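I opened my notebook to look up a helix, a pocket and a strand. Here is what I wrote down.

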Amino acid sequence: MTKSPLVALAAALALAAPASAQVKLNGAGATFPNIIYQDWVLTYNQAHSDVQLNYQSIGSGGGIRQFSDGTVDFGASDAPMKDSAITAINGNVLHIPTVLGGDVPTYNLPDVTETLRFTPEVLADIFLGHITKWSDARITAVNPGVKLPDADIVVVHRSDGSGTSFIWTDYLSKVSPEWEQKVGRGPSVNWPVGLGGKGNEGVTATVKQTPGAIGYVELGYAMANKLPAGSVRNKAGKFIAPELESITAAAAGAMKGMGPSTDFRVSITNPDGDKAYPIASFTWLLVHKQYEDAAKAGALVKFVWWAETEGQSRAAPLGYAPLPQQLRPWIEARLKTISAGGKSVWTTAAR
């Protein structure tokens with residue numbers, strides 16, 4: 001039997017209703033947490049048909065820029081926004097920590113099976129271009145018994161604005177006066193030597209393809225690509241492997257200086273503690289305090305709270321350390337301040 005035009009129209013509207021009601025949220029930024037963010041987005045989209053999340057891994061610099069320009073609903077960065085950048089958008093930003101990660105020195109030495117050890121001074125001098133051979137006495141001295149080749153060191157660094165670079169250069173600035181004076185810290189710096197790779201993905205690929213290379217990537221990328229990750233001597237004089245426990249230990253010192261009113265923009269590189277891995281960091285989502293679209297604001301708050309609670313269980317298998325439980329009520333307090341049209345979206349979104 002042929003359907004009447006009215007019945008056909010009603011059926012079409014019924015099919016179209018869920019799609020038209022779907023809230024689309026776009027984010028962009030850091031490659032450092034991209035592995036877990038893509039996992040979160042896929043998992044959340046599958047469980048919430050009313051929301052379509054999209055995240056593009058373009059680097060922290062690009063994430064801050066697109067967030068500030070209003071071309072995305074949320075940004076992501078491993079380098080906190082500077083006060084001047086926050087002022088430029090009238091303070092309309094919250095830094096919400098999501099997970100902890102570590103920058104690791106990774107290298108391509110096929111004939112070396114032992115995990116290499118690095119001192120702060122050696123890492124700084126390699127990236128300054130002062131140490132150019134793997135057989136250099138300063139490297140062999142801290143790796144007794146390891147047969148290192150008389151091969152050139154090929155430094156690989158990020159070519160884009162990068163929170164991973166901010167973490168790495170923040171650390172080198174703390175441990176090397178020469179680095180701090182000549183290069184400094186930031187998402188983008190004038191690298192003294194080396195090849196550039198775009199994103200953690202680009203650095204990972206370049207190191208894998210270049211014998212003698214050394215670069216820095218987030219721990220999850222080294223794990224996923226089966227790249228070696230060197231141990232680094234920490235502030236207490238201990239050589240510490242980049243592991244979830246040692247990354248969590250790095251956050252412990254920073255937590256002492258934080259309180260409920262913190263804005264979470266803290267550096268945890270080169271921390272105190274015998275067991276702390278020295279090149280670790282929080283990574284942040286950038287969200288507005290005030291949104292124009294209540295539906296988007298509510299959906300975003302709901303997703304972020306899911307990431308801060310259920311999503312944390314997915315961190316460790318992907319190479320990230322979950323946030324300390326102590327942070328959760330402070331994060332909740334920040335999310336409760338997000339509003340649209342002058343009204344908090346927390347009560348309808350997150351609970």
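Two strands pair if DSSP finds at least two bridges between them. I kept that cut-off in mind for strand β6 (residues 154-158) and β8, which pair in the parallel sense over two bridges. I noted that the model is predicted.

Next I checked the cover. I found Ala 213, Gly 215 and Val 217 buried on one side of β8. Ile 214, Tyr 216 and Glu 218 are buried on the other.

**Entry: helix α7.** I traced α7 over residues 163-175. From first C-alpha to last, α7 reaches 19 Å, close to the expected 18 Å. At the N-terminal end I found a cap: a side-chain oxygen of Ser 162 lies 3.0 Å from the backbone nitrogen of Thr 164. Why is α7 largely enclosed by the rest of the structure? Because 12 of its 13 residues are buried. Among them are Phe 166, Trp 168 and Tyr 171.

**Entry: the largest pocket.** I read off a volume of about 210 Å³. Phe 166 turned up again, in the lining. Other lining residues include Ile 64, Met 81, Lys 82 and Arg 265. By class, I noted seven nonpolar, one polar and two charged residues.

Methods. Residues are numbered from 1 along each chain as its sequence is written. This is a predicted model: local features need pLDDT of at least 70, side-chain atom pairs count only at pLDDT 80 or more; totals for chains, interfaces and linings use all residues. Side-chain values use heavy atoms; hydrogens and water are left out. Helices (H or I, at least four residues) and strands (E, at least two) are DSSP runs, numbered from the N terminus. The expected span of a helix is 1.5 Å times one less than its number of residues. Buried means under 20% relative accessible area, exposed over 50%, partly exposed in between (1.4 Å probe, protein chains only). A polar contact is a pair of N or O atoms within 3.5 Å; within protein, one must be able to donate a hydrogen and the other to accept it, and residues adjacent in sequence count only if both atoms are side-chain atoms. On a 1 Å grid over the protein atoms alone, a cavity is a set of points where a 1.4 Å probe fits but cannot get out, and a pocket is an open set with protein on both sides within 12 Å along at least five of seven lines; lining residues have an atom within 4 Å of a point. Grid points are joined across faces, edges and corners, and a volume is the space filled by probe spheres set on the points. Ala, Val, Leu, Ile, Met, Phe, Trp, Tyr, Cys and Pro count as nonpolar, Asp, Glu, Lys and Arg as charged, and the others, Gly among them, as polar.
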